[in-house]
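Open the model in your viewer and keep the sequence panel beside it. The tour below goes from one selection to the next and says what is found at each stop.

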Amino acid sequence: MYVGRFVVVGPGIGAYRVSSRSFPNREVVERDGMLTVVPTADAEPTDNPYVSYNCLRPADAGAVVGNGSHVDPVAEKVERGYPARDALAEALLAMDYEKDDYDTPRVAGVVEAETATIGVVRRDALLVEEVSEPTLVATYEKNAPTPFALDAVSASEAARDVYEADFEHAVCAAGVTVDGGGVTSAVYNG
Ligand SMILES: NC(=O)c1ncn([C@@H]2O[C@H](COP(=O)(O)O)[C@@H](O)[C@H]2O)c1NC=O
């Protein structure tokens, strides 16, 4: 099954995977404490505005993951004290689904040590939920919050586990843990 990009978040742990049919030559890099999806050196040039963005940002005592430029305003709102639910709802609604050939949804999650919140804005819905177990939302097919068995206990395991999840066209992934010691992130580029 092809589900496109997806996030998984649960209390204290989260991950993000790029799956892509159209732009497979991409990787996650660490830049200024954030993880960013960028084209690899051998990628075809493109003017598609949706293929490069921060996919993981620390925010206050937590972290934000997502599939596009909305990650930045979600993180900024969390840093300004918005509850995760409100930060996700406001930023997702403001930016709305992507204006591409597929009306691709924007997906995102906020991971805090004891809580996690997941969201998606689609052409037909805005869904934001606090979740108590690892939960996935994807751009296609699984485009509503769905339980996902993530047994990882570290950021690097989380990144590897979502990269290896049984969905087509894996490209690259990021993982994060949040606990009393802070935010730890990791990259898995296959
Ligand atoms: N975030 C991403 O990494 C990303 N990659 C591709 N897209 C969008 O989704 C469309 C479909 O891409 P694909 O065929 O790779 O699933 C692309 O034309 C682009 O507009 C993205 N936008 C949202 O997921």
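Does Asn-67 count as buried or exposed? Select Asn-67: with 27 C-beta neighbours inside 10 Å, this residue counts as buried. The terms work as follows: a residue is buried if 20 or more other C-beta atoms lie within 10 Å of its own, exposed if 12 or fewer, and partly exposed in between, with C-beta atoms placed from the backbone.

Two notes before going on. Residues are numbered from 1 along each chain as its sequence is written. The model is predicted: local features need pLDDT of at least 70 and side-chain atom pairs count only at pLDDT 80 or more, while totals for chains, interfaces and linings use all residues.

**Around Asn-67**

Stay on Asn-67, which is found in the loop between β6 (62-66) and α1 (71-79). Helices (H or I, at least four residues) and strands (E, at least two) are DSSP runs, numbered from the N terminus. Two residues are in contact if their C-beta atoms, placed from the backbone, lie within 7 Å. For a distance, pick Phe-167: Asn-67 and Phe-167 are 100 residues apart in sequence and 16 Å apart in space, C-alpha to C-alpha.

Next select Ser-69, also in the loop between β6 and α1. With 16 C-beta neighbours inside 10 Å, Ser-69 counts as partly exposed.

**The whole chain**

Zoom out. The protein chain has three helices and 13 strands. Its radius of gyration is 15 Å, close to the 16 Å that the globule rule gives for 190 residues, so the chain is as compact as a globular protein of that length. The radius is taken over C-alpha atoms, and the rule is 2.2 Å times the number of residues to the power 0.38. Along the principal axes, the C-alpha atoms fill a box of roughly 40 × 35 × 30 Å. Buried residues make up 47% of the 190 residues. Among contacts between residues at least 6 apart in sequence, 54% join residues at least 24 apart.

**The core**

Select Val-65, Ala-159 and Ala-174. These have the most contacts inside the largest nonpolar core, which has 58 residues. Such a core is a set of buried Ala, Val, Leu, Ile, Met, Phe, Trp, Tyr and Cys residues joined through C-beta atoms within 7 Å. Beyond four places in sequence, the contacts of Val-65 include Val-7, Val-9, Tyr-16, Leu-56, Ala-174 and Val-176.

Move to helix α3 (residues 155-164), where Ala-155, Ala-158, Ala-159, Asp-161, Val-162 and Tyr-163 are buried. What covers these buried residues includes β1 (6-10), β2 (13-19), β12 (170-179) and β13 (182-188).

**The ligand**

Show the ligand. Which residues are closest to the ligand? Among the 18 that surround it, they are Ser-20, Arg-21, Ser-22, Tyr-50 and Asp-100. A residue is near a molecule if its C-beta atom, placed from the backbone, lies within 6 Å of it. The shell divides into six nonpolar, eight polar and four charged residues. Here Ala, Val, Leu, Ile, Met, Phe, Trp, Tyr, Cys and Pro count as nonpolar, Asp, Glu, Lys and Arg as charged, and the others, Gly among them, as polar.

**Loops**

Select Asp-32, in the loop between β3 (26-31) and β4 (34-39). Asp-32 is exposed, with 7 other C-beta atoms within 10 Å, and its phi is near 55 degrees. Most residues other than glycine have a negative phi. Glu-141, in the loop between β10 (135-138) and β11 (146-147), has a positive phi near 65 degrees.

End at Glu-168, in the loop between α3 and β12. Glu-168 is exposed, with 11 other C-beta atoms within 10 Å. Not counting residues up to four places away in sequence, Glu-168 touches Met-1, Tyr-2 and Ser-19.
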